[in-house]
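Subject: The structure I promised you

Hi,

Here is the structure we talked about.

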Amino acid sequence: MRKWFIISLCLIPLNSFAQTAPPAPPQPLPVVSPQDASPLDLIIPKVKDALDLYQHNLGSGPDALPPLTSAEFDFKTTTAKVVGFSVNLLIFKIGGSHEKDDVNETTFTYSIPSPAPPAHLQSPKKPPTLTEQLAYTIQAAALAVKTSKQLGPLSFSKFVVTVQFGVKWDGNIGANVPISLVTVGLSGDISKNTVQSVKLTFGK
């Protein structure tokens, strides 16, 4: 007599044994040398002072320079950590190779105050500061705008000029370290991540 055996197979979905993978740990912030990058909040006050310095030294009469109506700075910034300190936004010193760094664009728009009574713009100290150099750069752009106010039969009430520049300093950056402006020699071998720009709008 034959005997029959019934074998029952219990199928359990494999995914019931799967475990949820733990989330990947956050990537640590890259560390940069303080000789290589500056916190953006050290640069902004110097930029503001430069705009005020220009606006308060427009002159008067036929020799007066056109006033600024707005200035929009486009800073190349990166989120990183300077040794010993955690910071949010840094900009790199002009020069060097930073093409592989994660770089964002941070826009700082400054509403220009009304011009103060004209005063004499003193010659910059040696070495000139970022504030003084930027003010003179804006002044040079304004002179170019003034001479181009009328082109043939066309007259313009507003001009927009974009200036590219870089910043540099010696030694470790800090609140008391002089920061200078570089506006010439921005050759193709300089990292684009170290070049900043400002869009200046001149008008009545």
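Below is what turned up, starting with how to read the numbers.

This is a predicted model, in which local features need pLDDT of at least 70 and side-chain atom pairs count only at pLDDT 80 or more, while totals for chains, interfaces and linings use all residues. Residues are numbered from 1 along each chain as its sequence is written, and side-chain values use heavy atoms, with hydrogens and water left out.

**The aromatic rings**

Searching the whole structure gives 5 aromatic pairs. Rings of Phe, Tyr and Trp (its six-membered ring) pair if their centres lie within 6.5 Å; planes under 30 degrees apart are called stacked, over 60 edge-to-face, and the rest tilted. Phe73 and Phe108 make a tilted pair, with 6.2 Å from centre to centre and 40° between the planes. Phe73 lies in strand β3 and Phe108 in strand β7 (residues 104–111), so this pair ties together parts that are 35 residues apart in sequence. Strands here are DSSP runs of E, at least two residues long, and helices are runs of H or I of at least four, numbered from the N terminus.

Phe73 also pairs with Phe165: their ring centres are 6.3 Å apart and the planes sit at 85°, so that pair is edge-to-face. Phe165 is in strand β10, 92 residues away from Phe73. Phe73 itself comes out at 0%. Ring pairs join Phe73, Phe75, Phe108, Tyr110 and Phe165 into a cluster.

**Strand β11**

In β11 (residues 179–182), Ile179 and Leu181 point one way, Ser180 and Val182 the other, and all are buried. In a regular strand the side chains alternate between the two faces of the sheet. β11 pairs with β10 (residues 158–169) in the antiparallel sense over 4 bridges; DSSP must find at least two bridges for two strands to pair. Trp169 stands opposite Ile179.

Cheers

Definitions and conventions. Buried means under 20% relative accessible area, exposed over 50%, partly exposed in between (1.4 Å probe, protein chains only).
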